[in-house]
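Let's walk through this model together, one question at a time. Here it is.

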Amino acid sequence: LWAPADLFDVLPDTLCEAVDLQIDDAGALFVLVHQQTNNELLWRLLQLPAWGQSAKHMGLGAKNEVAVALAHHDSGMVAVCGTAPTGQMDEIDALAHLFRPGLTSEPWRVDYHPIMKDPHQFAEHPRDCVFVGDTLTLVGEANGYHELEINTRDRLFVLRLDTETNATAWTVPPPGDKLQSGAQAIAVDDKQRLVIAGYTCDDACAPVGDLRILDERDTLVWQASLGSFPTKQFAVQDLAWSPAGYAVVATGGLKGNESAFTVRAYSTAQEEALWTFTRKDLQVLHFALALAIGGYGEIYAGGYGANGYPAIAYIAG
C-alpha cells in the first residue's frame with residue numbers, strides 16, 4: 001500500500017529517468033538521473049539534504065555522455081560512472097566524474113589498451129562502481145579484438161582509479177571455458193574485497209551467472225554459480241553485501257520460475273544459496289531491480305510486481 005507521504009517528485013514537471021541513488025549516514029540523498037535538456041538526454045546529479053526537501057544541483061553531463069551508476073565515499077565524495085564519446089574507432093571510453101565536497105566536477109576518461117595494442121581499440125561498457133577506500137572501482141565489459149581472437153568479443157574488466165594518486169589499473173581476465181564474459185554489479189565485503197556479479201557466455205549469449213570475490217590484487221579467491229539465464233537482461237540486476245556476512249543478489253527468475261521476483265543470498269562458506277525469496281501473483285512478469293540492506297541485516301528489495309506496479313519486498317535477512 002502506498003500513501004501520499006511515500007511519494008516525492010525530485011524534479012517536478014521535468015522529463016527524466018532515474019539511474020541510481022545513494023544515501024549518506026546523515027540522511028542526505030544523492031540522485032542520478034538522465035534528464036531531457038534542450039532536446040538532449042543528459043545525466044544530472046542532484047542532492048537532497050533530507051527526504052522531501054528541494055533538490056540541489058550538483059552536476060550535468062556533456063553531450064553523449066551516459067551515466068550508469070553512482071558511488072558514495074565516506075568523506076562525502078560522490079562519483080558518477082558511465083561512458084564518454086571518443087570520436088575514435090572504439091566510440092566510447094570509461095568515464096568517472098568525481099565530486100569532492102565543496103569542489104566542482106573532476107572528470108576521468110580512461111581507455112583500455114593492452115600492451116602491443118594501439119589506444120582506442122576497445123569499447124568500455126561500465127555497469128557499476130563502488131569505492132574501496134580511496135579507490136573508485138568500475139566493472140563491466142571491454143569489447144574488442146582480445147588476444148588470439150578473430151572476432152570482437154566482450155571480456156569482464158575491473159578498473160581501479162586511485163583518487164589520491166590519480167593512478168589507474170585494469171584487470172581483464174580470460175573468460176574460462178566460454179567465449180565472452182562480463183560484470184553487471186559490484187559490492188565490497190567486510191574484508192574490503194570486491195564482490196562482483198558476473199557472467200560468461202558464448203557468442204549467442206545465454207549467460208551463466210556467477211558471484212566472484214577478488215582480493216586487493218584482483219586475484220579470484222571465491223566463486224559461486226547463479227545458474228543460467230535466457231538473456232543478460234534477466235541476469236543480475238543488483239548486488240549488496242549484508243552485515244550478516246553474505247552477498248545478496250537480485251536477478252531474473254530461475255529456470256521454471258522465470259517470471260518471479262527473485263532475491264538470493266550467498267555465503268563464502270558454500271556454493272549453494274543460503275536462502276531464496278521468490279514471489280509472483282499472476283502469470284505475468286515480476287522483477288527485482290534494486291537492493292538495500294539495513295544495519296540489522298534487514299533487506300529491502302525494490303522492483304515491480306504484477307501488471308508493472310512498483311513493489312518492495314521486506315526480507316528479514
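Q: Is Val-33 buried or exposed, and what is its relative accessible area?
A: This is a predicted model, in which local features need pLDDT of at least 70, side-chain atom pairs count only at pLDDT 80 or more, and totals for chains, interfaces and linings use all residues. Residues are numbered from 1 along each chain as its sequence is written, and side-chain values use heavy atoms, with hydrogens and water left out. Buried means under 20% relative accessible area, exposed over 50%, and partly exposed in between (1.4 Å probe, protein chains only). Val-33 therefore counts as buried, with a value of 5%.

Q: Which strand holds Val-33?
A: Strands here are DSSP runs (E, at least two residues), numbered from the N terminus. Val-33 falls within residues 29–37, and that strand is β2.

Q: Which residues does Val-33 contact, leaving aside its neighbours within four places in sequence?
A: Contact means heavy atoms within 4.5 Å. With those neighbours left aside, the partners of Val-33 are Leu-11, Cys-16, Glu-17, Ala-18, Val-19, Leu-42, Trp-43 and Arg-44.

Q: In β6, which residue is the bridge partner of Val-66?
A: Two strands pair if DSSP finds at least two bridges between them. Strand β6 (residues 78–85) runs antiparallel to β5, and six bridges join them. For Val-66, the bridge partner in β6 is Thr-83.

Methods:
Helix = DSSP H or I, 4+ residues; strand = E, 2+ residues; numbered from the N terminus.
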